[in-house]
Amino acid sequence: MGQEELLERAKAGEVEAFEILASEHQKYIYNVILRIIFDKEEALDLTQETLLKAYLNIKKFKGNSSFRTWLYRIAINCAMDYLRKRNVERSNFREIEEFENEVKDFETPEEVVDKKLTAEIVMKEINKLPLDYKVVLILRDIEGLNYEEISKIMNLNLGTVKSRLWRARNLLKERIKSLPEFLSLDERRQV
């Protein structure tokens with residue numbers, strides 16, 4: 001059964017069809033929410049909230065975008081609403097395990113520590129970006145979505161997406177360059 005058929009069956013009220021669609025996208029929704037709010041428990045709750053909203057509004061899905069894009073839009077809105085309502089401090093950073101790259105066999109322990117520290121520093125700085133910049137940066141550079149998908153998810157024109165992404169990257173680059181703790185591995189060993 002293809003996604004189109006599942007969508008039609010879900011729109012007709014078939015719960016099982018929606019559950020299949022949701023299970024295909026749940027992991028991606030959770031990951032994008034987690035990268036925005038940095039709280040595992042809340043990300044789980046917001047993932048469920050996203051899926052519930054999607055289920056309750058599936059009949060409104062017109063197919064102007066992909067189902068994935070539609071779900072991402074709901075997830076982003078849930079995450080942004082959560083941050084606004086809770087007035088979560090932007091510098092609040094929890095765990096970075098989800099953001100680490102796989103460790104290659106030839107890496108030394110020092111290189112592994114360096115990568116972990118670098119990832120932590122970068123994620124902390126991403127978390128400090130203005131919310132609109134942060135979301136665009138996460139969707140493009142971490143989630144790998146294209147500009148058109150981001151445009152649809154954020155309900156922005158393409159030029160605005162590109163502009164925000166450019167500003168986010170530059171702001172992040174400037175912030176990281178100015179951090180004293182962002183030293184090379186050799187500089188860390190000398191300290």
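This report describes the nonpolar core, surface patch, salt bridges and aromatic pairs of a predicted model.

## Nonpolar core

The largest nonpolar core of the structure comprises 53 residues, and the residues with the most contacts inside it are I36 and L139. Eight helices each supply at least two residues of this core: helix 1 (3–11), helix 2 (15–37), helix 3 (40–57), helix 4 (67–86), helix 5 (109–128), helix 6 (131–142), helix 7 (147–154) and helix 8 (158–177). Helix 4 provides the largest share, with twelve residues.

The surroundings of I36 can be described in detail. When neighbours within four places in sequence are left aside, I36 is in contact with I76, A79, L83, N127, L131, K134, V135 and I138.

Y55 belongs to helix 3. This tyrosine counts as partly exposed because its relative accessibility is 31%, a value between the 20% limit for buried residues and the 50% limit for exposed ones. Y55 also takes part in an aromatic pair with F18, described under the aromatic pairs below.

M1 is placed in the segment before helix 1. With a relative accessibility of 56%, M1 counts as exposed. Apart from neighbours within four places in sequence, the contacts of M1 are with L6 and R9. The C-alpha atoms of M1 and A17 are separated by 9.6 Å, the two residues being 16 residues apart along the chain.

## Salt bridges within one helix

The structure holds nine salt bridges. One of them joins R84 to D81, with the closest N and O atoms 3.5 Å apart. R84 and D81 are separated by about one helical turn because they lie three residues apart in helix 4. R84 is exposed, its relative accessible area being 52%, whereas D81 counts as partly exposed at 31% relative accessibility.

A salt bridge is also formed by K128 and E125, whose closest N and O atoms are 3.2 Å apart. Both residues lie in helix 5, three residues apart, which is about one turn of the helix. K128 counts as partly exposed, at 35% relative accessibility. E125, by contrast, counts as buried, because its relative accessibility is 6%.

Which parts of the chain are linked by the pair D132 and R164? The side chains of these two residues meet in a salt bridge, at 3.9 Å from N to O. The pair links distant parts of the chain, with D132 in helix 6 and R164 in helix 8, 32 residues apart.

Is R164 buried or exposed? R164 is buried, because its relative accessible area is 18% and the limit for buried residues is under 20%. D132 counts as partly exposed, at 31% relative accessibility. Leaving aside neighbours within four places in sequence, R164 is in contact with D132, Y133, V136 and L156.

## Aromatic pairs

A search of the whole structure finds four aromatic pairs. In one of them, the rings of F18 and Y55 have centres 5.3 Å apart and planes at 65°, so the pair is edge-to-face. This pair links distant parts of the chain: F18 is in helix 2 and Y55 in helix 3, 37 residues apart. F18 is buried, with a relative accessible area of 6%, while Y55 is partly exposed, with a relative accessible area of 31%.

An edge-to-face arrangement is also found for F61 and F67, with 5.8 Å from centre to centre and 85° between the planes. F61 and F67 are both buried. Together with W70, F61 and F67 form one aromatic cluster.

Methods: Residues are numbered from 1 along each chain as its sequence is written. This is a predicted model: local features need pLDDT of at least 70, side-chain atom pairs count only at pLDDT 80 or more; totals for chains, interfaces and linings use all residues. Side-chain values use heavy atoms; hydrogens and water are left out. A nonpolar core is a set of buried Ala, Val, Leu, Ile, Met, Phe, Trp, Tyr and Cys residues joined through side-chain atoms within 4.5 Å. Buried means under 20% relative accessible area, exposed over 50%, partly exposed in between (1.4 Å probe, protein chains only). Helices (H or I, at least four residues) and strands (E, at least two) are DSSP runs, numbered from the N terminus. Contact means heavy atoms within 4.5 Å. A salt bridge is a side-chain nitrogen of Lys or Arg within 4 Å of a carboxyl oxygen of Asp or Glu. Rings of Phe, Tyr and Trp (its six-membered ring) pair if their centres lie within 6.5 Å; planes under 30 degrees apart count as stacked, over 60 as edge-to-face and the rest as tilted.
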